[in-house]
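Here is a quick tour for someone meeting this structure for the first time. Have the sequence and the 3D view open as you read.

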Amino acid sequence: MARASLARLGAIALCVVAACTFDQQSVAVQPPQVVVHAVLDPGTQEQQVLVERTLSGAVDIRKGQRFDPEDPINTGGGIPISGAQVTISGPDGTVTGFEAPVTGRPSTYSSGRYLVVFGAGAAFASPPLRRGVRYQLRVRTPDGAEVTGSTVVPDIVPVVGGSRVDVFNRDRDSVRLTWRSVTAARSYLVRIESPYGAFLQFTDSTNVTLDGDLRNYFASSLERVFIPGFRQRVSVAAVDSNYFDYYRSRNDPFTGSGIINNLEGGIGLFGAAVNIAARSVDVVQDPREPAFEGLWDIAVTPRSVVETFRLYVETPGEPAALSGWYARNRANGVLEGMIGNRSKGRIVLEFLANQAAVDTVAVFSGEQRGDSLIGTFTGVTGRVVFLKRRSQF
Amino acid sequence: MYRRVRRSARPLPPRDLPRTTIGVLLALLLVALSRPAAAQGPERGTLAGTVVDDSTGAPIPRVTVQVVGTTRGMLTDERGGFVIRDVAAGAHTVRARILSHRPRDVAVVVVAGVTITTTIRLVAAPVTLGAVRTRARPPERDRFELAPNVGTVTLTPGAMSGVPAIGEPDVLRTVQLLPGVNARNDFSSGYNVRGGESDQNLILLDGFPIYNPFHLGGLFSTFLEETVGEIELLTGGFGVRHGSRLSSVLDVRSADPARPGLHGTAGISVIASSLSIGSASRNGRSSWMLSGRRTYADKLVSALSDRTFPYHFSDAQLHAARAIGSGNARVELTAYAGADQLDGDFTQLGDSSRAGGGTFDFDWSNQVVGLSLTDVWHDGARLPLLGRADSVGAEQRVSFTRFATALDLGAGALALTNSVHELRAAGAVHWHRGGHERRLGYELSSYDIAYDVGSPSTGNQLFDLRQRPTAQAAYYQESWRPTRRLLGEAGLRAEHVTGRGWSGLSPRVSAKWFATPELAVSAAAGQYAQWLHSLNREDIPVRVFDFWVASDEFVEVSRATHFVLGVERWLGPLRFARVEGWYKRYEHLLEQNTADDPARRGDEFLDARGTSYGFDVLLRQLEAGPFSGWLSYTYALSQRTEGGTGYWPGHDRRHNVNLVGTWRAGRYTFGARMGVASGTPFTDIVGQVVRRAYDASTHDYGTGGFAGEREPLGGLRNAERYPLFQRLDLSVSRAGTWRGMTLVPYVSLVNAYNARNVFIYTFDYTRNPPTREASSQFPLLPSLGLTIGF
């Protein structure tokens, strides 16, 4: 990960020093290679194997789609390979995978996402996925390419994420996780979901303490990991060496080399990961601007996009970063995340889906006038007014 | 035989060197500096002064100043100063001569026991070739006649000042234009010498080591132009005095002010402002110079806007020298400190969407402090084992060098640090008799190297390395001239490095045979070792910073063997041509292993071997007269093999031509540089792969809407070549005077016709057809500045 950050720094330096570009020209379409992502996870019966091609310039890639975990390749900027034979072999035999359907798509739809089901009911009679043993992956594509790999699943019972959610004041609290050492685990991956992308860090230790002020060095502007108003999941997974090698390495932008690839015949990963610790936290912080922060309710709007939101000044200053949660419908209790900024009195709020900064549902622009926020939603005609509730602190 | 005498020789009264029964080894530690007072009796005085241009007032270096009717004389230094001691009291005529000006005689009266100071003003005149005899010769000619000088190039500030540059002249940028030297691209002031990697070059400041002497990620060097007295570059086959690097030695020597009274130079350019002040004592026995420089773009941006420019660098350098006693003993102090700071806040960069952004701190710094003591005894010495000598010299050096980098992202979210400390003691004793020189020397270095990567915010240490090796070296060298036509030099260097427990012998020989007084053939061969290595990958064209590690139980000592054969022909007193062919063989070249496991020591490097061969051509007109410059051409081929796979290293450049010229016409000086070079290798990008992150807590890929990043896929390593590089740089300056100060405004145009030289290609395989776009090296870059001499 240090090398990954250095590669990012090199890319930044590249952008800085080579601001002049010229001579854009077409180049030849390259022969594609097979890419496989497969991670054995004893916490689920359905093992996912993603089979796709490298981007070779053969087709235009659709960008800007909303990501769908059921359809990760198509919605994630990839080219799926359909009709592949996917098998995982272990001490109890071989289990064959099938290409998973995508809700709302026809049966002929190509997702490139294969499910290899272990330990299902009698109808399938598949053996269970065992821990501490070696498995072999084999993927054969319709055009005859074959990709193989092997891995050992860390020997630990997976922890299922509980329903308990703690309030986490990032100004005063820290998140501490501990776990026991795991046989066949090469490393432990600490992962924190955040609106600016997951924070990932490998550690060889069996404990970690995460300060509320922690910054995400994977985020484009080094935003903080913990954002007030968001429910964020903190998890630790025991991973094998394939997983560790693949995700700690990356291809640098200059030479296109660097990924540690343990597959034969293709690029990617056949590894293993076991969730061994997990917590969810509702992130809050101490007040910074009571006159501005707090609960805001919709008062005037031509169409109800957001009924209520809770606003925090995530980072004071000029410009100031804003965050919080919002509810489209106060009645159903479902809360989503919100980010924004305030610069020279102008306020922009982005209401998110899936708590992801790249997945915006609506954007509000306006200004504060006393206890009112007055503005408009992008793409929607008509004035919008939010009223601040009286102090809740 | 050529000898390095720091001051002009002057006669001394006869004395006997104290006898000692201690062996030769103790002679290395002998630094007897006290001696009887010099014989400047009541009948003699000293004549000092400065030679300046009559119209501009600018000091003129390398003027022959002679007391007519005596053997007393010398060349003026870079500041036009001269000091002639031991002149008989009374009336004399002092004659000053240089090709570019009319000779002038000045009447002086020397007073016994007193230093008389005078200023000699010369009028510029057209150069006439013919029977112009000068007593003094350029140092290049001395080296040609008196030493094998294989692969040796010297530069003076006069040579550098005429080379167009961005802002002020830059030492390393000028070095990149010399034969055998390859600059990877416009953005790097690092360099590769005769096919060697960029960390194989030993860089010295007054003989003291300095690491990574670059600013702004390699755009500029740390050497302040005003402080430079002379540069010597040894591109291969160098002798046993230098070790610890495989390819080259660059020795940057500080200027030594000779003019009494406080004087200096202030400079303003588009990059930085600098100030240099210095002085010499009236008796010429001591001098000092202090210089400083700082960029000011950050201050300007802050003053003129509400934005921030997060980068600046600053340097300071001190050089002081003092004669001790009444002989040739001399003590010198050199100190340098420089720092780069790239500290910023993403909130202040870009628009309001970056609100909430974090801070980044990227700092690196260099410090060097060194002390040297030298002495030379010229008369009848007799040393044990070595016998009678015409002169004996001794030198002792001690220095401390520090280089450190620190990168912090997000106030402790990720932190990398690397530091190298080197404490070095070195010394030598040299014995001369007739055309025979013997030199016995030693070098002791103690290193402290630290390399840390971690996340202080999470208490996670990702990598931690601490090394404290020492290196010891002893060397013996003989230089002799058995016949008028033949020069020879042979030496043996013995080295030992702890940590690795490595010991090695490096024999080195060189010879020169004169077919005629103007034509000589030279040859050299030698073995070299290196135990400090940069973790930089040579394939990556951007050299952001170097991480240094030492050879230890896991990391080999790199070795190289050089073979050099050359011909040099002088075409007049100030012009020569040289062709040198070379072949280099490398073992245990170390390349960063991108797949290294941070939990495992010993896999940080991959072991490679390789060869480089080629030839350099240099045609040079030295800096006297209205025109000077050089034409250099290098043909080079480098190959490497690692793990059974052969490849071209990233710095392999087949052809490299540089034409550099400076014209002085009255008050104006015009400079030009035309560079043409064939492209260096690169790895073609043949596709992109989307990396998908699996989350074991949700059993899904790409949660939170982040599907995965696209990363480039490289093809065959370095199988492609960038296109031809070409660049024309122009500059003009005009010297004037105002209220006793010399004002020299200058304008330069780098890449005068805006040639589009490819720095790197970026590819997009997400569309059909896929595309490739070039990022350029320097565009047309005008710059201007002003130098004020006072």
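## Salt bridges

Over all chains, the structure holds 65 salt bridges, a salt bridge being a side-chain nitrogen of Lys or Arg within 4 Å of a carboxyl oxygen of Asp or Glu. One of them brings together the side chains of A:Asp166 and A:Arg279, at 3.1 Å from N to O. That pair ties distant parts of the chain: A:Asp166 sits in strand E11 (residues 165-169) of chain A and A:Arg279 in strand E17 (residues 267-284) of chain A, 113 residues apart. Helices (H or I, at least four residues) and strands (E, at least two) are DSSP runs, numbered from the N terminus.

A word on the ground rules: this is a predicted model, where local features need pLDDT of at least 70 and side-chain atom pairs count only at pLDDT 80 or more, while totals for chains, interfaces and linings use all residues. Residues are numbered from 1 along each chain as its sequence is written, chains are lettered from A and ligands numbered from 1 in the order in which they are written, and side-chain values use heavy atoms, with hydrogens and water left out.

## Where chain A meets chain B

How many residues of chain A are in contact with chain B? The count is 107, and they touch 92 residues of chain B, with contact meaning heavy atoms within 4.5 Å. Together the two chains bury about 8400 Å², 57% of it on carbon and sulfur atoms; buried area is the accessible area (1.4 Å probe) that two parts lose on being put together, summed over both.

Between chain A and chain B there are 6 salt bridges, including the one where the side chains of A:Arg233 and B:Asp695 meet at 2.8 Å, N to O. The interface also has 48 residue pairs in polar contact, both residues at pLDDT 80 or more. A polar contact is a pair of N or O atoms within 3.5 Å; within protein, one must be able to donate a hydrogen and the other to accept it, and residues adjacent in sequence count only if both atoms are side-chain atoms. On the side of chain A that touches chain B, helix H1 (residues 2-17) of chain A gives the most, with 9 residues.

## A strand pair across the chains

Strand E1 (residues 21-26) of chain A runs antiparallel to strand E52 (residues 771-776) of chain B, joined by 4 bridges. Two strands pair if DSSP finds at least two bridges between them. In this pairing, A:Ser26 stands opposite B:Thr771 in E52(B).

## Inside chain B

Chain B has 5 helices and 53 strands. Its radius of gyration is 28 Å, close to the 28 Å that the globule rule gives for 790 residues, so chain B is as compact as a globular protein of that length. The radius is taken over C-alpha atoms, and the rule is 2.2 Å times the number of residues to the power 0.38.

Strand E29 (residues 470-483) of chain B pairs antiparallel with strand E27 (residues 436-455) of chain B through 11 bridges, and B:Ser445 stands opposite B:Ala471 there. E29(B) also pairs with strand E30 (residues 486-497) of chain B, again antiparallel over 11 bridges. E29(B) and E30(B) form a hairpin with 2 residues between them.

The peptide bond from A:Glu318 to A:Pro319 is cis, with omega near -5°. In chain B, the bond from B:Asn768 to B:Pro769 is cis, with omega near -5°, and B:Pro769 is in the loop between strand E51 (758-764) and E52 of chain B.
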